[in-house]
Amino acid sequence: MKWLVFLGLVAFSECIVIMLLTKTKTMREIWREKKLLNSFLEEQANRMSDDSASDPKLSTHPLRNALDMAYVGNITIGTPPKEFRVVFDTGSSDLWVPSIKCISPACHTHITFDHHKSSTFRLTRRPFHILYGSGMMNGVLAYDTVRIGKLVSTDQPFGLSLQQFGFDNAPFDGVLGLSYPSLAVPGTIPIFDKLKQQGAISEPIFAFYLSTRKENGSVLMLGGVDHSYHKGKLNWIPVSQTKSWLITVDRISMNGRVIGCEHGCEALVDTGTSLIHGPARPVTNIQKFIHAMPYGSEYMVLCPVISILPPVIFTINGIDYSVPREAYIQKISNSLCLSTFHGDDTDQWILGDVFLRLYFSVYDRGNNRIGLAPAV
């Protein structure tokens, strides 16, 4: 998956705001090209372990991987508005950007927020901490006016980072979460819920279309759905719990053989992850099945082999969603290709952009369901 950078914002209708996106690189790709990925991951793992041990009261969100965050667009904060580039992430619920008082080197290469220059800013003394799989931010909770195109959320809670790790080469300033309020900092309200509460959007729905083209064409829709971006009807899947975009997968198979989720499992539909993540054991089985070999922290396949690889089938709510080899294998060089399956110490699967490039996705908060249909 490539990084998606905001190109512009247009109103599709009075009910829908559409953000037009284009692609750049993920942090993982940047570090891989510099041949520093493995040393970076080792350094971050040691740092996270030390930081967590030194602060047992650190509040953590479901572990995010900042290396693979994918959807990026522009918002503004404050009065007058200050523009920031943020990740649009269905795996988290909070908004945060760097403060001008941030002391970390990563903040010096990103846009920072100067609260002295905003007439609508309101500061609190409440701490704001998020631990990521490949980074961390520590800061303070604040309130101000936030704009996403023509959508305006007044007195919106957000985090101002004072210290960051793992974001030095990030092509974004902060993160804007689009998940449920239960994942947000206690006592705060996510921006999507605030927009609905304030009447800025008529329907509590948003949708993502991730183009397979190399440059332009990807879209985030807020407040409605443009059905010209998918083929056939939307298949609706209830969320497993009304606290995140988690759904039930019936099984995962290749060549008619079940290779994962034999008795059903849960998967997070996550725009903030570019790969497909899963429990280490079944993912290792998939790597063996596709003849992938460990290469540092990743798995590689000899490119000539991929022509014989079968699709991976995710059966969800009785419907088969095929992920062909062209989607789950990425070419790195003339001879080496990358497997986009990644094993984790978890029981949960994550359907990231490898999956979402194939399937248009709709997130319906009003009915607690996700709609999927083949993307055009």
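**Reading labels off a predicted model**

Q: Where is the place of Pro-80?
A: Pro-80 sits in the loop between β3 (72-77) and β4 (82-89). Keep in mind that this model is predicted.

Q: What makes the peptide bond from Thr-79 to Pro-80 cis?
A: Look at omega. For the bond from Thr-79 to Pro-80, omega is near 0°, and the bond is cis.

Q: Why is Asn-255 called exposed?
A: Its relative accessible area is 62%. Exposed means over 50%, so Asn-255 qualifies. Asn-255 is in the loop between β14 (251-254) and β15 (257-260). Its phi is positive, about 55°, although Asn-255 is not a glycine.

Q: Is His-291 buried, exposed or partly exposed, and why?
A: Its relative accessibility is 47%. Buried needs under 20% and exposed needs over 50%, so His-291 falls in between and counts as partly exposed. The loop that holds His-291 runs between α5 (280-289) and β18 (293-295). His-291 also has a positive phi, about 65°, and is not a glycine.

Q: How many salt bridges does a search of the whole structure find?
A: The search finds 4.

Q: How do you know that Arg-365 and Asp-193 form a salt bridge?
A: Their closest N and O atoms are 2.7 Å apart. The cut-off is within 4 Å, so the pair counts. This pair links distant parts of the chain. Arg-365 is in the loop between β26 (359-364) and β27 (369-374), while Asp-193 is in helix α4 (residues 191-197). They are 172 residues apart.

Q: Why is Arg-365 called buried?
A: Arg-365 has 16% relative accessibility.

Q: What makes Asp-193 buried?
A: Its relative accessible area is 14%. That value is under 20%, so Asp-193 is buried.

Q: Why do Glu-326 and Arg-325 count as a salt bridge?
A: The closest N and O atoms are 3.7 Å apart. That is within 4 Å, so the pair passes. Glu-326, at 57%, is over 50% and therefore exposed. Arg-325, at 28%, lies between 20% and 50%, so Arg-325 is partly exposed.

Q: How do you know that Asp-364 forms a salt bridge with Arg-369?
A: Check the distance again. The closest N and O atoms are 2.9 Å apart, and this is within 4 Å, so the pair is a salt bridge. Asp-364 has a relative accessible area of 3%, under 20%, so Asp-364 is buried.

Key: Residues are numbered from 1 along each chain as its sequence is written. This is a predicted model: local features need pLDDT of at least 70, side-chain atom pairs count only at pLDDT 80 or more; totals for chains, interfaces and linings use all residues. Side-chain values use heavy atoms; hydrogens and water are left out. Helices (H or I, at least four residues) and strands (E, at least two) are DSSP runs, numbered from the N terminus. Buried means under 20% relative accessible area, exposed over 50%, partly exposed in between (1.4 Å probe, protein chains only). A salt bridge is a side-chain nitrogen of Lys or Arg within 4 Å of a carboxyl oxygen of Asp or Glu.
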